[in-house]
Amino acid sequence: MTRGEYRVGINFNPSNDDKVAQIKRAAADLIDLIEDIPILGAETEEQLLLSAEVARLKALAQTHIEDAAMWAVKAATKPAINN
């Protein structure tokens with residue numbers, strides 16, 4: 001299981017909804033793509049700060065993708081209002 005699949009809970013889809021599966025697959029793939037962005041080693045303090053910044057940006061992007069997937073699944077599974 002990839003990091004993206006783990007983070008979005010790719011196997012958790014109790015209703016077996018195809019739209020939920022599509023949302024989670026797309027989010028997992030994007031998280032994995034971001035995970036592959038290299039964080040270069042640091043030999044100087046400036047390089048260390050840059051490496052830390054790249055790691056921070058990767059983490060933020062992945063977190064927002066997790067959030068977006070959660071809200072998208074909620075939208076896809078929201079039942080109709082019965083009046």
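Four salt bridges turn up in a search of the whole structure, a salt bridge being a side-chain nitrogen of Lys or Arg within 4 Å of a carboxyl oxygen of Asp or Glu. Three residues, Glu 5, Arg 25 and Asp 29, are joined in a network of these bridges. Keep in mind that this is a predicted model, where local features need pLDDT of at least 70, side-chain atom pairs count only at pLDDT 80 or more, and totals for chains, interfaces and linings use all residues. Residues are numbered from 1 along each chain as its sequence is written, and side-chain values use heavy atoms, with hydrogens and water left out.

**The salt-bridge network**

- Arg 25 pairs up with Glu 5, with 2.6 Å between the closest N and O atoms.
- Arg 25 sits in helix H2 and Glu 5 in helix H1, so this bridge ties together parts 20 residues apart in sequence.
- Arg 25 also meets Asp 29 in a salt bridge (2.7 Å, N to O); these two are four residues apart in helix H2, about one helical turn.
- As for burial, Glu 5 is buried at 16% relative accessible area, while Arg 25 at 31% and Asp 29 at 38% are partly exposed (buried means under 20% relative accessible area, exposed over 50%, partly exposed in between; 1.4 Å probe, protein chains only).

**The Glu 35–Arg 3 bridge**

- Glu 35 and Arg 3 bring their side chains together in a salt bridge (3.3 Å, N to O).
- This pair links distant parts of the chain, 32 residues apart: Glu 35 belongs to helix H2 (residues 18-35) and Arg 3 to helix H1 (residues 3-8).
- Glu 35 is partly exposed at 25% relative accessibility, and Arg 3 is partly exposed at 43%.

**Fold and overall shape**

- The C-alpha trace spans about 65 × 30 × 15 Å along its principal axes.

**Burial and contacts**

- Of the 83 residues, 23% count as buried.
- Among contacts (heavy atoms within 4.5 Å) between residues at least 6 apart in sequence, 53% join residues at least 24 apart.
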